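Have a look at the picture, try each task, then check the steps below it.

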Amino acid sequence: MKASVFPGQGTQFAGMGKDLYEGNALAKELFDKADEILGYHITDIMFNGSEEDLKETKVTQPAVFLHSVVSALCLGEEFNPDMAAGHSLGEFSALTACGCLSFEDGLRLVYARAMAMQACCEKVPGAMAAIINLPECVIERICSEVDGVVLPVNYNSPGQVVISGEVDAVGEACARLKEAGARRALPLAVGGAYHSPLMEPARIELAAAIGKTEFRPPRCPVYQNVDAKPHTDPVEIKNNLLSQLTAPVYWTQTVENMIADGMTEFQEYGPGQVLTGLIRRIRKNFEK
């Protein structure tokens with residue numbers, strides 16, 4: 001069985017999507033439509049902007065979404081996965097590519113999400129850090145013992161978990177996790193505490209936009225971040241998508257479940273090959 005996977009924020013690069021735009025008529029049409037929907041020329045930033053230009057959340061999220069979804073849609077009938085999943089932002093890409101959301105609605109929701117998250121980051125300071133080579137149970141226990149808000153939020157692969165929360169709490173957790181044997185505790189260059197309870201203002205803001213959007217059954221089951229399970233019911237998908245802003249991304253568990261459900265091959269759509277690397281590590285560990 002074939003799986004299609006879609007990456008999240010952080011995979012962007014200067015010049016992303018330019019080859020698609022110049023080489024495919026449908027891609028050009030979709031990129032031009034995106035400029036019109038967003039009200040600014042995101043294509044100029046994607047094709048000609050610097051790495052720094054692409055780092056702003058309100059640019060990064062729509063840019064990664066566009067690259068991912070356009071890459072899939074340009075395949076036409078050749079895009080026919082048996083299952084799909086996306087990491088964080090990538091879940092919106094997966095749902096759009098699989099027909100649960102229209103291209104226009106998917107892009108509008110991603111932009112609304114990006115703006116809500118950026119506003120939240122400006123009002124509520126937060127931090128994130130990647131913890132390398134420490135058991136998940138140890139990370140969970142130590143975070144629970146630290147004063148303040150800090151918790152694991154991205155279960156990326158065996159040996160790679162990201163924590164998120166208040167600045168001081170994340171710093172204290174990093175110190176304790178290194179003492180407990182973590183090979184590294186790397187602060188991430190992000191503006192806030194993504195997927196933590198500190199994103200609640202953004203979740204409330206996004207709820208209004210999601211509530212006004214039509215969701216349809218996707219062409220195949222989409223494994224969602226909040227529970228790592230396959231979903232086809234539009235109501236469940238909508239609720240899970242909203243919960244995702246303040247809940248952990250269970251990527252390791254998602255991939256394990258897709259393997260258990262018969263995934264034998266996968267294709268990553270979007271900038272880079274980050275998920276490809278994670279899936280290979282998860283599969284290797286799962287099949288031991």
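**Exercise 1.** In what order do the four strands of the open sheet lie, and why is one side of two of them left without a neighbour?

*Solution.* Step one: read off the order, S4-S5-S3-S6, with antiparallel pairing. Strands here are DSSP runs of E, at least two residues, and helices are runs of H or I, at least four residues, both numbered from the N terminus; two strands pair if DSSP finds at least two bridges between them. Step two: S4 (150-157) and S6 (184-187) sit at the edges with a single partner strand each, so one side of each has no neighbour in the sheet. Before going on, note that this is a predicted model, where local features need pLDDT of at least 70, side-chain atom pairs count only at pLDDT 80 or more, and totals for chains, interfaces and linings use all residues. Residues are numbered from 1 along each chain as its sequence is written, and side-chain values use heavy atoms, leaving out hydrogens and water.

**Exercise 2.** Over how many bridges do S3 and S5 pair?

*Solution.* Strand S3 (residues 127-132) and strand S5 (residues 160-165) pair over six bridges, in the antiparallel sense. Now zoom in: alanine 129 stands opposite isoleucine 163 in S5.

**Exercise 3.** Is valine 149 buried, partly exposed or exposed?

*Solution.* First find valine 149, in the loop between H7 and S4. Then apply the cut-offs: buried is under 20% relative accessible area, exposed is over 50%, and partly exposed is in between (1.4 Å probe, protein chains only). With 24% relative accessibility, valine 149 is partly exposed.
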